[in-house]
Amino acid sequence: MQSPSLNDESPLPLTFDQPVAIVGGGTVDNALLQDLHERGVVLIGADGGADAIAAAGLVPAAIIGDLDSLQDRTGWESRSRVIHIPEQITTDFQKALYSTRAPVTLALGMTGKRLDHTLAALSAVLQVAPDRHVLLVDEVDVALAVVGPFAFEADRRERVSVHPLLPIRFRRSLGLFYPLDGLFLEPGGLLGTSNEGSGGRVEIVPADATPWLLILGRARLYDLIDACLLAGKP
């Protein structure tokens, strides 16, 4: 589906066949939003993130959250599907995640500005990593929570960071300047920050299904989307 009808009362989750971008209230690049829209990516506002979408001259397919930050809710209800989820156990990002399904999910405006929001976003992607591909996008980087092996392209000397969300051992890697073969990474211990590609195909193979974080420059956003679509479900 491209977007739900304003009068569509089908049960959650909203299911899409194409990538979805969940937009929060942090810093959002309007040009990137417009480009995503032109490429057919469905835009979802996480509460006040709908106003960030509007600032780019666009209308979200749906707005999801506790709605404590959304401006002019009544006005939005005539233009978009507004889904009020009042529970306070989860963040608006988590609400938007559990209320949608898509082959790839981007998250914009979820990092930066406030450190607690950034940490909450990382926690959210860790939580859903076994079931879906979620990419955190900011002004500089794109971060993908991965479960199991993953392959992508990287230029020679291109920055490739592998961050352990949890303690994790890697079986092997291909195409990295500093191989991960047999390495055990963990928060507070050995990290995989600022590794580099050796040029061409990169393959990273962990020893088990522990989630890990792949961080590349934002210029690789569409390459990572394609890699996720090629990989299929985690």
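## Largest cavity

The largest cavity has a volume of about 50 Å³. A cavity here is a set of points, on a 1 Å grid over the protein atoms alone, where a 1.4 Å probe fits but cannot get out; grid points are joined across faces, edges and corners, and the volume is the space filled by probe spheres set on the points. By this rule there is 1 cavity of 30 Å³ or more.

Its lining (residues with an atom within 4 Å of a point) consists of Thr 27, Val 28, Asp 29, Leu 32, Leu 108, Val 137, Asp 138, Glu 139 and Arg 218. By class, 4 lining residues are nonpolar, 1 is polar and 4 are charged.

## Basis

The model is predicted: local features need pLDDT of at least 70, side-chain atom pairs count only at pLDDT 80 or more, and totals for chains, interfaces and linings use all residues. Residues are numbered from 1 along each chain as its sequence is written, and side-chain values use heavy atoms, with hydrogens and water left out.

## Strand β2

Strand β2 covers residues 20-23 (strands are DSSP E runs of at least two residues, helices H or I runs of at least four, numbered from the N terminus). Val 20 and Ile 22 point one way, Ala 21 and Val 23 the other, and all are buried (under 20% relative accessible area, 1.4 Å probe, protein chains only).

## Partners of β2

β2 pairs in the parallel sense with β3 (residues 42-46) over 4 bridges, and with β7 (residues 105-108), also parallel, over 4 bridges; pairing requires at least two DSSP bridges. Ala 21 stands opposite Leu 43 in β3, while Thr 105 in β7 is the bridge partner of Val 20.

Methods. Buried means under 20% relative accessible area, exposed over 50%, partly exposed in between (1.4 Å probe, protein chains only). On a 1 Å grid over the protein atoms alone, a cavity is a set of points where a 1.4 Å probe fits but cannot get out, and a pocket is an open set with protein on both sides within 12 Å along at least five of seven lines; lining residues have an atom within 4 Å of a point. Ala, Val, Leu, Ile, Met, Phe, Trp, Tyr, Cys and Pro count as nonpolar, Asp, Glu, Lys and Arg as charged, and the others, Gly among them, as polar.
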